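Thanks for coming. I have one structure to go through today, and I will take the fold before the details. Here it is.

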Amino acid sequence: MAALVVAAVMEAAAAATYTVGAPDGLWDMQTDYTQWVKTKTFHPGDKITFTYSPELHDVVEVTEAGYGACSSANNISAFRTGNDVVALAAVGTRYFLCGLTGHCDSGMKIRVHVVAAAAPGPDAAAPTSAAAPPSARCWWAVASAEIAALLLPRATVARPLW
Ligand SMILES: *[C@@H]1O[C@H](CO)[C@@H](O)[C@H](O)[C@H]1NC(C)=O
Ligand SMILES: [Cu+2]
């Protein structure tokens with residue numbers, strides 16, 4: 001049971017990899033990246049992959065100012081393999097654009113908000129809760145305690161009948 005609980009927790013926290021623009025587009029001139037990011041929630045540990053033809057585009061990570069001005073002059077980093085994987089390591093906002101002339105101005109830019117994974121539920125977070133969080137308690141421990149509570153008074157009543 002403990003192994004199952006651990007597996008479930010790990011699955012909930014598992015990192016995801018998103019192909020930018022997919023499934024309807026990729027890293028191109030047609031995709032609306034503002035809409036695309038709205039359908040996702042990015043957490044630290046996730047990755048985004050820019051997939052494109054390197055003859056047609058590139059990927060430049062820029063500052064907020066660079067993003068606003070469509071300028072890659074003071075870039076943070078640049079990629080040009082056509083299959084660029086970017087790790088979203090920390091909470092914060094990341095800005096990327098295509099450095100080819102006119103592409104960013106045509107909308108080939110993306111802003112990615114990386115937010116902390118959901119906080120634990122109130123039971124797990126409460127400092128007054130039992131040493132083991134509820135999710136880690138084995139079902140049979142809870143069940144046997146409840147059965148004992150139910151049986152105790154009944155057994156006292158029932159004993160003369162046995
Ligand atoms: C990134 O910035 C450097 C200067 O820091 C510049 O030399 C380089 O051309 C820029 N790369 C792109 C793709 O704009
Ligand atoms: Cu481009």
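A word on terms before anything else: helices (H or I, at least four residues) and strands (E, at least two) are DSSP runs, numbered from the N terminus. This is a predicted model, where local features need pLDDT of at least 70, side-chain atom pairs count only at pLDDT 80 or more, and totals for chains, interfaces and linings use all residues. Residues are numbered from 1 along each chain as its sequence is written, while chains are lettered from A and ligands numbered from 1 in the order in which they are written.

The protein chain has five helices and seven strands. Along the sequence they come as α-β-α-β-β-α-β-β-β-β-α-α.

Now the sheet. Three strands form an open sheet in the order β1-β2-β5, and the pairing is mixed. I call two strands paired if DSSP finds at least two bridges between them. At the edges are β1 (17-19) and β5 (83-88); each has a single partner strand, so one side of each has no neighbour in the sheet. On average, neighbouring strands here are turned by 20 degrees against each other, direction ignored; the axes are lines fitted to C-alpha atoms, for helices over the stretch in contact, and angles run from 0 to 180 degrees between N-to-C directions. Strand β2 (residues 46-51) runs antiparallel to β5, with six bridges joining them. In that pair, T49 sits opposite V85 of β5.

Next, two loops. Where is P23? It is in the loop between β1 and α2 (33-38).

C70 is not a glycine, yet its phi is positive, about 55 degrees. The cut-offs are 20 or more other C-beta atoms within 10 Å for buried, 12 or fewer for exposed, and partly exposed in between, with C-beta atoms placed from the backbone. By that count, buried residues are 17% of the 162 in the protein chain.

Last, the ligand. Around ligand 1 are V60, S72, N75, A78 and G99, where near means a C-beta atom, placed from the backbone, within 6 Å. Two of the shell residues are nonpolar, three polar and none charged. In this scheme Ala, Val, Leu, Ile, Met, Phe, Trp, Tyr, Cys and Pro count as nonpolar, Asp, Glu, Lys and Arg as charged, and the others, Gly among them, as polar.
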